[in-house]
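Good morning, and thank you for coming. I shall go through one model today, and I ask you to keep the sequence and the structure in view as I speak.

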Amino acid sequence: MSILRPFDATDVLRFHSVNADPWTATYHNGYYASYLAQWPDWCIAAQPAFGDSVGAYMIAKHEPPAPDPQHHGHLTALSISPAMRGLGLARVFMAMLERLSSDGSAGWPAPSPLSPPPPAAAAAEGAPAEGANGNSTPDADEPPQAPDGTDCVDAFFVDLFVRCNNHRATEMYEKLGYSVFRRVVDYYTGMEGVGSSRDELDGFDMRKSMPKDTAGRYVRANGRDILVSPDQVWA
Ligand SMILES: CC(C)(COP(=O)(O)OP(=O)(O)OC[C@H]1O[C@@H](n2cnc3c(N)ncnc32)[C@H](O)[C@@H]1OP(=O)(O)O)[C@@H](O)C(=O)NCCC(=O)NCCS
């Protein structure tokens, strides 16, 4: 069992069991702090139910600001410690990212057919939004209910970069509906711990369309054959 909670600035002192992994990059503290300052909702940690270490985390963001036509959710880091792999945690983190990146209709938690309509929808249907006490004002001790989608940014797609030789992660992302958009030659050149083969140095830019990309303009079928340089990615 694990507990999902916001990533905290002091988690950099507790995530060694996750980052002692050759596929996981460790950045300087200011890097994590800048994400927490700008996109706190997009940075999530999982800790074991009995212990205060960090067993897994996701660091993500959205950019460039809407209404830019390239507005998208971006996965910066996703890593699960060996002891917590295979439990579905990566799937849950990705679903949370997709929900935030979409209009709220994608990702997790999936709307249940049994759940009541959100207040906005209820009001549109002419029904007053009621608390558990039957009044239109919610009970003071009721947990606040955020209407679906209020924290979601309705971007066009989600993307991430992954080393071409990280087959485990690439296969997992494909299973989750991501596809290669382009291969970035030398994306990881110069990074600590990276070898010298082409597949270690290059990265796949993988993407998944969000509901706003109705025409599928931000994904392509033959992405593995499209080679670009890092300059073209950051242009
Ligand atoms: C890749 C990684 C994130 C997977 O995490 P995980 O918690 O074990 O993954 P999950 O249990 O949530 O699995 C999600 C889906 O991917 C699949 N999957 C997981 N590992 C897989 C593997 N080795 N090969 C193929 N599919 C795999 C699962 O079967 C699951 O699909 P399912 O629900 O249909 O069964 C984890 O191994 C990891 O942290 N690796 C090191 C860091 C890394 O590579 N991060 C990605 C860099 S971008």
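Let me begin with a definition: a residue is called buried if 20 or more other C-beta atoms lie within 10 Å of its own, exposed if 12 or fewer, and partly exposed in between, the C-beta atoms being placed from the backbone. Asp 186 counts as exposed because it has 12 C-beta neighbours inside 10 Å. Asp 186 sits in the loop between S6 and helix H6 (198-201), and its phi is positive, about 70°, although it is not a glycine. Helices (H or I, at least four residues) and strands (E, at least two) are DSSP runs, numbered from the N terminus.

Two remarks on the source are needed. This is a predicted model, in which local features need pLDDT of at least 70 and side-chain atom pairs count only at pLDDT 80 or more, while totals for chains, interfaces and linings use all residues. Residues are numbered from 1 along each chain as its sequence is written.

As to confidence, pLDDT is the predictor's own estimate for each residue, from 0 to 100. The chain has a mean pLDDT of 87, with 83% of its residues at 70 or more. Over residues 126-138, however, the pLDDT is below 50, and this stretch has 15 contacts in the model beyond near neighbours in sequence. A contact requires that the C-beta atoms of two residues, placed from the backbone, lie within 7 Å. Where pLDDT is low, the predicted coordinates should not be read in detail.

I turn to the interior. A nonpolar core is a set of buried Ala, Val, Leu, Ile, Met, Phe, Trp, Tyr and Cys residues joined through C-beta atoms within 7 Å. The largest one has 45 residues, and those with the most contacts inside it include Cys 43, Met 58, Phe 93 and Leu 97. Among the elements that give two or more residues to this core are strand S2 (43-48), strand S3 (56-63) and helix H3 (89-101). H3 gives the most, with six residues. Met 58 is in contact with Cys 43, Ile 44, Leu 75, Ala 77, Leu 78, Phe 93 and Leu 97, leaving aside neighbours within four places in sequence.

H3 itself has 13 residues and reaches 18 Å from its first C-alpha to its last, close to the 18 Å expected at 1.5 Å a residue; the expected span is 1.5 Å times one less than the number of residues. Its buried residues include Ala 90, Phe 93, Leu 97 and Glu 98. What covers the buried residues of H3 includes strand S1 (2-6), S2, S3, S4, S5 and H5.

Which residues are closest to the ligand? They are Trp 23, Arg 85, Ala 90, Arg 168 and Met 172, out of 21 that surround it, a residue being near if its C-beta atom, placed from the backbone, lies within 6 Å. H5 gives the most to this shell, with five residues.

Finally, some backbone details. The loop between S3 and S4 holds Pro 64 and Pro 67. The peptide bond from Glu 63 to Pro 64 is cis, with omega near -25°, and a cis bond also joins Ala 66 and Pro 67, with omega about 10°. Asp 154 has a positive phi, near 50°, and lies in the loop between helix H4 (119-124) and S5. Most residues other than glycine have a negative phi, and most peptide bonds are trans.
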